[in-house]
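Please look through the structure below.

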Amino acid sequence: MRYLPLTPDDRTAMLGVIGAATVDDLFVDVPATARLPGPVPGLPLHASEMAVERHFASLARKNKAASDHPFFLGAGAYKHHVPASVDHLIQRGEFLTAYTPYQPEIAQGTLQVLFEFQTQVARLFGCDVANASMYDGSTACWEAIGMAGRITRRKKAVLSSGLHPHYVSVAKTMARFTGDQLDTATPSLGGTDMDRLIGAIDAETSCVVVQYPDVLGRIEDLSALSAACQAAGALLIAVVTEPVALGAIKAPGEMGADIVVGEGQSLGVGLQFGGPYIGLFATRDKYVRQMPGRLCGETVDANGKRGYVLTLSTREQHIRREKATSNICTNSGLCALAFSIHMTLLGERGLRDLAALNHAKAVLAAQRLAKLPGVCLANESFFNEFTLVLPKPARAVVHELAAKGVLGGVSLGRLYPRVTELEHGLVIAVTEVVSEGDIDALEAALKEVLA
C-alpha cells in the first residue's frame, strides 16, 4: 500500500524500541476528553488503494472540464491558451527539481530565471523593482497592506468595494492578528466607489487598495486617487488579477501606484483546479527594504564574470524574527518560471496582440448578450470581463447554463451571498480561447434560460 506502508509487525518493532506497549501509550499526555474514542463519525474506514482510486475517479467524472465546454468563468482565474513549449520547458529536470535555493548562489540558472521574471513583472506593472514572486494574488495583497503599515506607521487600510471578496477575506483574517483596521464596502452594479475612497483617506490611513480592472471588470483612471493618497501620506496599492489586461491598458505604476500586486495565473500557469498559482509583487525603489519575499540581483564575480545572487531575503528564518518583514517561506519558483517563459514567448508585441484579441472577443460577446430581453450591461468600460444584470437571480441561471453544457460565468450571488442587490449580477470573462461558436452557444442558452 503506497500510502499506508507500515505492517503490524513494523509497528510492534517500533513500539518495542520506544518502550511503549501500544500506540495509545504515546498519547497519555493528551486528556482522555480530548481523544476520540473510536473512528470519526461519518467518515469511512480505510480502504484498499484500488477502491480509493475508483471512488475518486467516479467523483472526478462529475466535473465539467473547462476544455470540454464553452467556458466564460473568470473573477480572478482565467482560461488562456498556454503554449505547449511552456509545459515542456518547466519539466526539464534542472527546473522541476530545483526547489527553494537555500544555498542560492549555487543555483545560478534558477537565480537567472528569477531575475528575468522580476524584470518582466516590474515592466508589466510600471514599477522600479519586483520580487521573486509570492504564493498567490490574495496573499500578495495582504503583504502589501502590511508593508504599507510598516512604511507609514499607520494601521488603517481603505479597501475598494471592487476588490475581489476573496482578497478582502484574506485581509480580514490577517488583520485579526495584526490589529489593522480595514475600511471595506460592498460593490454596487452602478459606478465604482472612487469618490468614497478619496473621501475616506485621513491622517490615520496607511494605504488605499484598489483592483484594476475591478471584480466587476470596470476600469478606472487611478491618477486622482494616487494624488489624494500622496497628499495625505498614504500609499496606493493596485491589485491586478488579470495581467494580460496590461497589454492594453496603462500600468498602475505609471498612474502613481506605490505598490502593485496581483495574480500571475493567466500567463503560463493554467487553471489547475484552483492552484498552485503565483503572486506578483512590485514597488518603488525607495520601499525595496520593506518588500516581503526574495529579491534576486545581478553582479560580477572576482573574475568579472556575470553572476546572480540572492540580494534580499526578508523572512524570519534568515534574520531576527522581530526584524522580519514577512514570514513567507518561499517563492512560487516553478510557476514563476512558467510565467516568465510564456511572457518571453509572447514578447511585448505578442502581449499587446493577445490583449487586443481578448478585448475584441469580449466586446463582441457583450454586445450580443446585452441585446437579450431583460439583460443589461453594467460596465461603461472593461477589458475581457464584464458584468451583466439579469432579470432573475444569476446563481440559478449559472446552474441551468451548466446543465445545458455552457459554463456561463460567475454569479455575484456566489461571491456576495445574502447581498440581494447583487444577486442578479453575472460576471462573464471572454479570453482568446473563446470561439464565436462558444459565444453563439452562450447566447442561445442564456436566451432559453431567461425565457
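Of the 451 residues of the chain, 49% are buried, meaning under 20% relative accessible area, where exposed is over 50% and partly exposed lies in between (1.4 Å probe, protein chains only). The model is predicted: local features need pLDDT of at least 70, side-chain atom pairs count only at pLDDT 80 or more, and totals for chains, interfaces and linings use all residues. Residues are numbered from 1 along each chain as its sequence is written, and side-chain values use heavy atoms, with hydrogens and water left out.

The chain holds 13 helices and 13 strands; these are DSSP runs numbered from the N terminus, helices being H or I with at least four residues and strands E with at least two. Among contacts in the chain with a separation of 6 or more, 72% join residues 24 or more positions apart, a contact being heavy atoms within 4.5 Å. Along the principal axes, the C-alpha atoms fill a box of roughly 75 × 60 × 45 Å.

Helix α9 spans residues 223–232, and its buried residues are L225, S226, A228 and C229. These lie on the same side of α9 because they cover an arc of only 160 degrees around the axis, the arc being that of the directions from the helix axis to the C-beta atoms. What covers the buried residues of α9 includes α8 (194–200), β4 (205–211) and β5 (235–240). On the face of α9 turned away from its buried side are the exposed residues Q230 and A231. Just after α9, G233 has a positive phi of about 75 degrees.
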